[in-house]
Structures are given as C-alpha cells and as structure tokens.
Amino acid sequence: MTDATDRPDPVEGTDPAPHEAATATPARARPAATAPDRPADSRTPRVAFRDARPPSGVPVFEVGGVSVFYGDHEAVRDVNMTIENRQITAMIGPSGCGKSTMIRCFNRMNDLIPTARVTGKIRYHNEDLYGRDVDPIEVRRRIGMVFQKPNPFPKSVYDNIAYGPRVGGFKGNLDDLVEETLTHAALWDEVKAGLKRSALALSGGQQQRLCIARTIAVKPEVILMDEPCSALDPIATAKIEDLMEHLAQEFTIIVVTHNMQQAARVSHRTAFFTSDIDEAGVRHGRLVEYDETARIFSNPSDQRTEDYISGRFG
Ligand SMILES: Nc1ncnc2c1ncn2[C@@H]1O[C@H](COP(=O)(O)OP(=O)(O)OP(=O)(O)O)[C@@H](O)[C@H]1O
Ligand SMILES: [Mg+2]
C-alpha cells in the first residue's frame with residue numbers, strides 16, 4: 001500500500017497533492033530518497049523524489065543544437081539534451097518558454113504547423129529523426145503523444161483502442177488486445193462492463209487513461225505527454241502518475257508539467273526551460289538546466305532554476 005507520506009504537501013501555485021488518492025492507488029514500492037531541507041523562505045516543500053534510476057546508457061533521443069522557429073521567430077534556441085531509454089523526463093518552466101514546442105519536436109508534430117521549422121539535429125536511436133527517408137506517420141506510431149485535454153475519438157471505448165491496431169493491419173485477436181491494453185492502462189475494471197459505450201461518457205480522468213491506452217495499443221516505444229493532468233482532479237492525477245510509473249518499466253516517457261511536485265514525484269530527470277530576451281529584445285525559450293530530478297529540486301546549479309523551483313519567478 002502506498003504510504004501517504006510518499007506524496008509531498010501541497011504548495012501554493014501548484015495543484016494540491018492527492019493525499020487521499022495515494023492510499024487508494026497501486027503501491028509505490030520504491031524506497032524514496034528524501035530531499036535535503038530547503039531554506040525556510042522557500043515555497044517548495046520537501047518532496048520524496050523518485051529513486052534515481054541508473055542510467056540505461058541507451059540513448060533514445062540525442063538533441064543537438066535544436067532551434068524551433070515559427071516564421072521568423074526563434075521560439076526555442078539551441079537545445080542540447082540526451083534522453084535515455086525507460087526514463088521519465090520532465091520538462092518544466094514558465095508559460096511560453098517553449099516546452100510544448102520542444103516536446104512536439106520529438107515526434108515531428110511541429111511538421112503539422114505550417115510556419116514551424118526545426119533546425120539542428122534530433123537523432124532517434126542514432127537515426128536522423130528529420131531525415132528525408134523517415135516517414136513522419138511511422139515516427140508518430142513509435143513515438144505516441146497524449147495531450148492536455150483528453151481527446152478520445154467519438155467512438156466506443158472498444159473502438160478507441162482497436163482503431164490504431166486495425167489501421168496498422170493487426171492480425172491477432174482484437175478482443176484480447178483491447179483487454180490487455182486497458183488492463184495495462186489501469187482502466188479495464190472500470191470499463192469492462194461498458195466497452196460499447198461512448199468514450200465521451202467517461203469521466204475526464206478515465207478519458208485520459210483511455211487516451212494513454214489508445215497510445216500504447218499501437219506498441220510505441222516513447223510516450224510524450226504535454227500537461228496530461230492539468231485538466232484532472234487530484235485523484236485522477238494520482239492514477240495517471242501511478243500509471244506513468246508503471247509504464248516507465250516498458251516505455252520512455254517525456255512529460256511537460258506545470259506542477260513541480262508532479263515533476264519531482266514522477267520523473268527521473270528534469271529539464272528546466274525558461275525564456276530570455278536577447279540583445280535585439282526578442283524572447284527565446286532556452287534549456288537552462290537538465291539533470292537528475294533530485295538534483296534539480298534540491299541543489300540546482302543555475303540561479304534561474306533555483307528561483308523558479310522556489311517560486312520566486314514564473
Ligand atoms: N503555432 C504557433 N505559431 C506561432 N507561435 C507559436 C505557436 N505555438 C507556440 N508559439 C510561440 O512559441 C513560444 C513557445 O510556446 P509554447 O507553446 O511552446 O510554450 P509552453 O512553454 O508550452 O507554454 P505553456 O506553459 O503556456 O503551455 C511562445 O512565444 C508562443 O507564442
Ligand atoms: Mg505548452
């Protein structure tokens with residue numbers, strides 16, 4: 001059973017911590033390292049971090065000098081980072097610093113925005129993700145995405161899951177796949193009696209787990225999540241966080257969140273972005289610091305990170 005102390009106290013300006021939900025959700029068996037005490041004036045409470053997972057040593061993404069432009073505006077400038085297999089990476093930072101822009105680079109979603117242009121290199125398993133012979137549709141199958149607002153198809157629960165595999169020519173037993181996938185997404189027990197009901201009749205939290213299930217039904221390797229819990233209540237949020245922890249056994253996850261406690265709870269590594277203004281007075285998003293989550297939240301090396309996580313900025 002999860003120990004309620006495993007979750008941090010609520011902090012002003014972020015979602016409240018789901019204490020109640022913690023006891024009702026699956027076990028978090030990990031031994032949690034406790035962050036060192038923070039200064040008394042800090043608004044960031046002591047949090048129990050995820051135990052740092054030893055680096056797998058297998059890079060999934062290697063990002064080199066990536067900038068993203070919308071028309072002439074360089075929204076994100078010169079990002080360098082490596083994301084390893086089966087780690088949860090959180091991307092945090094103030095509104096407008098380019099987190100969504102950056103996460104969309106990982107599955108070429110920016111291709112769908114006519115004015116967007118990505119420069120620099122993103123290597124995915126050592127292949128150029130933006131190479132001429134790379135099919136963006138296949139990229140998005142292997143690198144799935146879950147959005148802020150749950151967006152199930154206006155179809156039955158069953159068809160939401162079955163859609164991707166059917167389109168992909170799945171030849172096995174679809175009923176089994178649907179059950180297996182919904183079980184994996186911790187939703188099966190709640191929906192098994194109503195698989196033919198509209199997905200739109202589910203609660204917001206159930207819809208978000210359905211969207212995660214829909215994403216994993218096509219057997220991706222990576223799941224990108226852009227603020228997946230921001231439309232959810234604390235109980236639904238706790239379920240998604242537990243699910244992420246479970247999914248990280250198998251998938252590489254990148255998650256954008258405004259909830260710093262969520263970043264601290266779920267991620268192994270955290271990337272802090274901010275935006276700064278250049279000599280010409282133009283604002284660009286920058287990656288300031290990228291490190292193990294416990295280090296970012298307890299002993300960041302950049303003052304801007306410290307200011308942000310302690311609530312003095314953003
Ligand atoms: N489709 C677009 N067209 C033009 N500019 C865009 C587009 N999407 C984002 N931008 C600009 O890029 C910059 C970064 O935006 P982005 O949405 O990536 O920030 P964010 O960090 O995700 O913010 P938030 O936390 O509010 O979601 C902003 O200046 C924004 O106005
Ligand atoms: Mg965003």
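Modeller: Two residues are in contact if their C-beta atoms, placed from the backbone, lie within 7 Å. This is a predicted model: local features need pLDDT of at least 70, side-chain atom pairs count only at pLDDT 80 or more, and totals for chains, interfaces and linings use all residues. Residues are numbered from 1 along each chain as its sequence is written, while chains are lettered from A and ligands numbered from 1 in the order written.

Biologist: What makes contact with Lys155, leaving aside its neighbours within four places in sequence?

Modeller: Asn160 and Ala199 do. Lys155 sits in the loop between β8 (143–146) and α4. Helices (H or I, at least four residues) and strands (E, at least two) are DSSP runs, numbered from the N terminus.

Biologist: Why is Lys155 called partly exposed?

Modeller: Lys155 has 15 other C-beta atoms within 10 Å.

Biologist: Which residues of α4 (157–167) are buried, and what covers them?

Modeller: Val157, Asn160, Ile161 and Ala162 are buried. Their cover includes α5 (174–184), α6 (188–191) and α7 (204–217).

Biologist: What makes up the shell around ligand 1, by class?

Modeller: Four nonpolar, seven polar and one charged residues. A residue is near the ligand if its C-beta atom, placed from the backbone, lies within 6 Å of it. Ala, Val, Leu, Ile, Met, Phe, Trp, Tyr, Cys and Pro count as nonpolar, Asp, Glu, Lys and Arg as charged, the others as polar. Among those around ligand 1 are Tyr70, Lys99 and Gly285. Helix α2 (99–105) gives the most, three residues.

Methods:
Buried ≥ 20, exposed ≤ 12 C-beta atoms within 10 Å, placed from the backbone.
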